[in-house]
Amino acid sequence: MTQAAPAPHAPPREPATSTGRNAELLLLVFAIGLVTVALLIVQAAQGQNLTWDIFKYVAAYTALFGIAHLVVRRYAPHADPILLPVVAVLNGLGLVLIHRLDLGSGNTGESINPTQATNNADQQLLWAGLGIIAFSAVLILIRDHRTLSRYAYTLGLGGLIFLIIPAILPSAFSEINGSKNWIITPFFSIQPSEFSKILIIIFAAAVLVSKRDLFITAGPHVLGVDLPRARDLGPLIAAWAIAIAVMVVQKDLGTSLLIFATILTMLYVATSRVEWLVLGIGLFAIGAVLAWSIFSHLQTRVSVWLNPFEDFDGSGYQIGQSLFGLATGGLFGTGLGSGRPNIVPFANTDFIISTIGEELGLAGLTAILLLYMVFIHRGLRTGIAVRDSFGKLLATGLAFTIAMQIFVVVGGVTKLIPLTGLTTPFLSYGGSSLLANYILVALLIRISNAAREPDPVKKRTAAKPVDALPTQVVKRR
């Protein structure tokens, strides 16, 4: 029995490539299981019965990331399969920790001044839902990240306006815990600087791409460095200077440090000139010394950093209790729900790292930091893999801003550097940070989709048989 021969001149089939969506789904299932087990451990450690809240948290968490996965599968099928599961684990563990702090807030055995039990976990779940909506909207509406470069100056102006609004509002509508960087309404409060950093990164990436050659070659030669012309560097320096000035006025130097370090890193990536790093670090050092000599609240933070136990019952109480909590946790922690993290003020926002260190120990805190390292690595890898220069700079800026934020937060809680007031991405309680970071993740996923998407296959036309080719008579010379 003979087999039929294949049709002549048939184009070869392209090998099927995996998009990674099934791997992403499997990792999300693991994240859901991990968060569910963590919630059950907290309930048991706190002596609580299984309540409707546990089912509500697990069901809502599963639904939210199920929707996020479907959106990625539909609108970014070739995106990095690791980014979303890492965010799911971090956001889920943050929800567990906030729920655990809610349970202990009214417990006299955990708090020095116990109050009525809070319900911040419900609010955080709502913000997570809004974050997934924003995440989905970005992926659906922005089909090509390069379109953002067309609106770079508009987005940069919007970022600066977001920074300026709290500075010009009365303190009653813009100041919380000494930082004048909020917009307070009767229904909710929002921190616009969380969104402005993303807009400024987009603006900086577009400007650095369009002016890259001028940053390298044009301009005067000063102290061995080829500086660009002022009119070419002007827009970027103006955005940086206004951002720094507004942050100083708002007494939120953590965000100003974040924006400055991110723009400086993007400038180095765009030009590959170490001189920019040296100049930037020098400018920052000069600015830090001047700011310390002018602003009393900075002098207080530096004094607390150097010796938090000098005024332990006053300004040093927060960092002092944080250090005690980290020491209590030791290597493996007291166990989820078995510590006393509520003694530290703002344990669910600025000092949630202290809560992790106390109840999960150094091992648990290291695992969390490794998750952030994986996220940052995948973001930087996306920047390397994507083909266009704007995408490279944008992905690098977005990944580095997460890295810088983690360094500043962990460094402040562990007394490596002075406290800055930044929150831990995806873990800390707060709506503005969560919304902004989900937008950041959506942009990274959009860029990674472009980086991993295979080139379109050109259709091959079948060659005509020889007897079908046209012929003509050629005269002999």
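**Close-up 1. Helix 3 and helix 15 cross at roughly 165° in this predicted model.** The two axes come within 10 Å of each other. Helix 3 spans residues 83–105, and helix 15 spans residues 431–452. Angles over 145 degrees count as roughly antiparallel. Helix 3 and helix 15 are therefore roughly antiparallel to each other. The crossing is right-handed.

**Close-up 2. Residues in the contact of helix 3 with helix 15.** Helix 3 contributes Leu83, Leu84, Val87 and Asn91. From helix 15 come Leu434, Tyr438, Val441, Leu444, Ile445 and Ser448. By class, 8 of the contact residues are nonpolar and 2 are polar. No charged residues take part in this contact.

**Close-up 3. An edge-to-face pair of phenylalanine 135 and tyrosine 438.** The structure holds 10 aromatic pairs. In this one, the rings lie 6.5 Å apart, centre to centre. Their planes stand at 80°. The pair links distant parts of the chain. Phenylalanine 135 sits in helix 4 (residues 120–141), and tyrosine 438 in helix 15. The two residues are 303 residues apart. Phenylalanine 135 is buried, and so is tyrosine 438.

Close-up 4. Phenylalanine 135 and tyrosine 438 supply an edge-to-face pair.

**Close-up 5. A stacked pair of phenylalanine 309 and phenylalanine 312.** The ring centres are 6.0 Å apart. The planes meet at 15°, so the pair is stacked. The cut-off for stacking is planes under 30 degrees apart. Phenylalanine 309 has a relative accessible area of 42%, so this residue is partly exposed. Phenylalanine 312 has a relative accessible area of 22% and is also partly exposed. Buried would mean under 20%.

**Close-up 6. Threonine 401 and its contacts.** Threonine 401 lies in helix 14, which covers residues 389–413. Its relative accessible area is 1%, so threonine 401 is buried. Residues up to four places away in sequence are not counted here. Beyond them, threonine 401 touches Lys197, Ile201, Leu258, Thr262 and Leu440.

Terms used. Residues are numbered from 1 along each chain as its sequence is written. This is a predicted model: local features need pLDDT of at least 70, side-chain atom pairs count only at pLDDT 80 or more; totals for chains, interfaces and linings use all residues. Side-chain values use heavy atoms; hydrogens and water are left out. Axes are lines fitted to C-alpha atoms, for helices over the stretch in contact, and angles run from 0 to 180 degrees between N-to-C directions. Helices (H or I, at least four residues) and strands (E, at least two) are DSSP runs, numbered from the N terminus. Angles under 35 degrees count as roughly parallel, over 145 as roughly antiparallel, 65 to 115 as roughly perpendicular and the rest as oblique. A crossing is left-handed if the near helix is turned anticlockwise from the far one by less than a right angle, and right-handed if clockwise. Contact means heavy atoms within 4.5 Å. Ala, Val, Leu, Ile, Met, Phe, Trp, Tyr, Cys and Pro count as nonpolar, Asp, Glu, Lys and Arg as charged, and the others, Gly among them, as polar. Rings of Phe, Tyr and Trp (its six-membered ring) pair if their centres lie within 6.5 Å; planes under 30 degrees apart count as stacked, over 60 as edge-to-face and the rest as tilted. Buried means under 20% relative accessible area, exposed over 50%, partly exposed in between (1.4 Å probe, protein chains only).
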